[in-house]
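Here is a set of exercises to work through with the model open beside you. Try each task before you read its solution.

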Amino acid sequence: MADIELQHGGRTLRRKGGKPVPGEWAGTPVLSGPAAMAGLHVELIVDEWGVPRWMLTPAGAALAAPPTSLSSLADGATLDGTISDGAVTKSIRITIEANAYDFRPTWADTTLEAQQTLVNTALPVRLGDKLRPQPGTYGRVEGEVVYGRSIQFLTPKGEFNGANHVVLEPRQPGSVDWEFLKLDGWLERDTGRKAYLHIKGVRFPLALKPDGLREANAVRADTAVNYVKVTHCEIQGTPSAKAPLAGIGRDLCSGFRFSGDFWEITDNVVREVFGFVACAGLNRGLIIARNTVSSVWNDAIKTNHYQVVIEDNYIFDMRVADPEVFAAGQGVHPDWVQHLGYSDGLSRSGFHVRRNVFVRAVGRPGWPDGQLIFLAGSKNGSQLLDVVVEDNLGIQTMQNGVLVTSGQGAVVRNNLIIQDPTASPVVDTNFGNNPRTYRSVIGFFGDSEGGIIRGNVSNRAADYASTISPPVDENNVVLDATLSSGPNSYAANFADPQFGEALRGGMAAVRRFFRPKPGSLIDLAGAGPVDTEGNLRSSSPATAITLSGPAGGEQGQQSGDFVVSANGTLAASVTVTPSDGGAGGTFAPTSVTISPSSPTRQFRYTSAAGTATRTISVTNNGGLIDPAPLPYKVNRPAISEVVLTAPPVMTLGASGLIQATVNGAAPADVTVTLAPVAGLTFGGPIVIEAGASSGETTVVATAIGSKVVSAVNDAGLSGPQPLDLVVIKTSRPPAVVGGLVRCGFIVGRG
């Protein structure tokens with residue numbers, strides 16, 4: 001083994017500052033052997049952060065492209081050499097990471113004043129490349145945190161296959177601290193804001209500004225940045241006994257605050273943050289999985305995405321709604337998971353929350369924490385489709401365990417959502433400091449239709465009195481947190497119920513505390529997320545494909561989204577293919593693939609000519625039950641214009657017809673009102689009845705001359721354009737002589 005083992009990227013080498021370490025070498029170290037022949041120069045330096053490390057650069061250059069002999073080496077190739085100053089000699093082995101860049105952002109050597117401009121590392125990266133930040137602390141200038149610092153690189157080249165992100169990852173775990181990494185600046189015209197970036201293994205110290213309130217995100221994107229993964233990172237906030245001010249200030253202090261499509265936040269450890277994830281923009285595709293999050297003061301996860309998966313997260317020690325900070329009447333009741341909802345009249349699909357453990361703070365009797373899963377806010381006809389909330393375990397002190405408003409066919413099953421009896425009663429954050437005893441509940445509200453509430457454990461019967469149509473309600477168990485004994489008590493139902501410090505022991509431990517006793521109400525109903533052995537129940541595996549979509553659309557026009565999902569958790573990818581039974585329409589795409597990480601997909605339908613009702617069905621290759629087909633009524637294209645027609649010439653005293661025509665079938669009555677014209681008498685307005693394409697009225701000519709007929713319609717359509725009409729005097733038809741017309745000359749007969 002060599003005395004010095006180094007890894008190095010085979011692409012760009014970037015050297016910024018530093019000076020040799022005194023005392024290690026008597027003279028200037030010189031590299032010899034194959035490593036030197038490849039064009040490398042090696043020195044031991046103290047970098048600009050005071051960290052001693054070996055620096056590799058192209059010989060004689062502070063910033064240059066790698067020598068050809070280096071960049072052409074295969075991944076994993078090694079270069080051996082000897083480094084010596086004449087007194088000390090050491091062997092060195094350099095292992096090449098072919099598609100990697102060693103870099104340090106350009107702001108490392110600039111002044112604080114210069115940091116207000118966008119930073120561009122200007123690396124011509126390709127998909128699959130690695131960015132290797134050199135050890136140190138990023139986001140500081142002259143020892144002070146730089147807020148709003150952006151990182152940008154040129155458009156990744158190549159074709160994205162769903163997994164070949166550009167990876168930003170230090171070589172040595174824990175060697176890079178990044179304070180406030182801001183991802184902005186991908187220009188729409190250049191990249192479609194598709195970053196294809198995977199941030200991995202970075203530590204994020206979440207230091208606040210001196211006022212302790214604003215601008216303390218680990219990763220942030222104010223403008224839409226798409227295709228970003230953040231995994232295996234550590235976020236450490238500043239421990240605080242006080243929550244920040246209400247409103248937007250708390251969002252600005254979230255670990256992640258971003259806008260964009262297709263984000264994945266998985267396998268991270270997060271401590272002492274005012275929020276975990278805040279993304280209020282209307283975006284598509286979000287996976288939050290296997291994160292361990294502790295000590296959150298505000299909404300843990302707040303999003304307005306669709307196609308969302310939130311699973312296997314352990315969020316504990318929630319500390320929201322501190323009565324010493326929030327004034328009476330503020331109505332502060334944050335949530336572990338909050339979906340903000342839509343109000344544009346459009347419905348969106350895909351919101352799966354499963355197998356999470358959400359537990360309240362330790363040692364805070366009398367302090368309310370938050371509502372667990374709050375999928376709310378949709379209105380004006382917008383609905384949440386494909387909602388599945390299953391196998392979650394939550395310990396709280398506030399009222400809403402799982403609440404869904406405006407959900408269509410939502411499924412809430414095998415959740416355990418109960419009160420912590422050691423913390424009751426608590427402060428009422430809506431109406432002041434009067435103590436209040438809450439009871440956890442599962443409810444559907446607003447424009448919710450149907451659905452399933454099955455096999456849940458809570459402290460109050462399911463509530464769905466105000467919905468459009470009720471859900472299936474079965475095998476649910478209601479426990480009373482105030483009872484010490486009896487069939488509905490915690491003691492009679494749970495094997496080893498624990499609260500307080502024990503809730504910090506991890507997901508598996510918490511689940512085992514609340515496994516049902518054999519023969520208990522929970523066990524007999526098959527309710528809750530775990531069985532009597534503490535294993536997750538088997539209610540989740542998918543058995544069937546689900547299909548939802550629009551009831552109809554215009555002939556020849558692309559439909560809205562048809563949504564494909566499954567009725568449970570998928571074990572593997574399944575391809576689903578749509579069909580209209582040979583009616584000649586087309587689908588985009590022609591098939592979709594759903595998977596454990598992407599459980600919801602959409603397709604659209606364009607009908608062939610004709611206005612009959614089509615039948616949309618799907619088949620799958622995963623052996624699951626196919627759903628019932630959906631009827632899709634093909635309508636004539638929507639009308640947009642009114643056209644008038646009338647005789648161009650009328651004789652005085654004669655009557656005729658004026659007709660109004662629309663370019664399709666009128667969905668409702670359209671009234672066309674004719675403007676008064678001297679010398680013409682109309683029989684009234686023209687009404688085009690619903691389902692028809694034309695209507696008419698009479699016109700009588702009462703005076704000779706040229707007339708202009710104009711009109712307006714009450715349907716907001718374009719037109720009609722004015723018509724020219726001429727009224728002439730009455731005249732006799734020309735005489736016919738011998739079968740010929742007299743035309744101004746005499747025709748004789750021989």
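Among contacts in the protein chain between residues at least 6 apart in sequence, 67% join residues at least 24 apart, where contact means heavy atoms within 4.5 Å. This is a predicted model, in which local features need pLDDT of at least 70 and side-chain atom pairs count only at pLDDT 80 or more, while totals for chains, interfaces and linings use all residues. Residues are numbered from 1 along each chain as its sequence is written, and side-chain values use heavy atoms, with hydrogens and water left out.

**Exercise 1.** How many helices and strands are there in the protein chain, and what share of its residues is buried?

*Solution.* Begin with the elements: the protein chain has 7 helices and 71 strands. These are DSSP runs numbered from the N terminus, with helices (H or I) of at least four residues and strands (E) of at least two. Next comes burial: 50% of the 750 residues are buried. Buried means under 20% relative accessible area, exposed means over 50%, and partly exposed lies in between, with a 1.4 Å probe and protein chains only.

**Exercise 2.** Which strands pair with strand E20 (residues 194-200), and are they parallel or antiparallel to E20?

*Solution.* Step one is the strand itself: 5 of the 7 residues of E20 are buried, so by the definition each of the five falls under 20% relative accessible area. Step two is its pairing, which requires that DSSP find at least two bridges between two strands. Strand E17 (residues 166-168) runs parallel to E20, joined by 3 bridges, with valine 167 opposite histidine 198. Strand E23 (residues 226-231) is also parallel to E20, through 5 bridges, and here isoleucine 199 faces valine 230.

Together with Phe204, Ile199 has the most contacts inside the largest nonpolar core, a set of 63 residues. A nonpolar core is a set of buried Ala, Val, Leu, Ile, Met, Phe, Trp, Tyr and Cys residues joined through side-chain atoms within 4.5 Å. Leaving aside neighbours within four places in sequence, isoleucine 199 touches residues including Leu168, Leu181, Phe204, Val219 and Val230. Another core lies apart from the largest one; it has 23 residues, among them Ala666, Ile686, Val709 and Leu723.

**Exercise 3.** Is alanine 289 buried or exposed, and what does it touch?

*Solution.* Then check accessibility: alanine 289 counts as buried because its relative accessibility is 1%. Finally, list the contacts beyond four places in sequence: Ile265, Thr266, Asp267, Glu311 and Asn313. For aspartate 267, the C-alpha to C-alpha separation from alanine 289 is 6.6 Å, across 22 residues of sequence.

**Exercise 4.** Which residues make up the covered face of strand E58 (residues 613-620), and which residue stands opposite threonine 615?

*Solution.* Sort the side chains first. Arg614, Ile616, Val618 and Asn620 form the covered face, whereas Thr613, Thr615, Ser617 and Thr619 form the uncovered one. Now turn to the partners. Strand E54 (residues 574-579) pairs with E58 in the antiparallel sense over 4 bridges, and valine 576 stands opposite asparagine 620. Strand E59 (residues 630-635) is likewise antiparallel to E58, over 4 bridges; there, proline 631 is opposite threonine 615.
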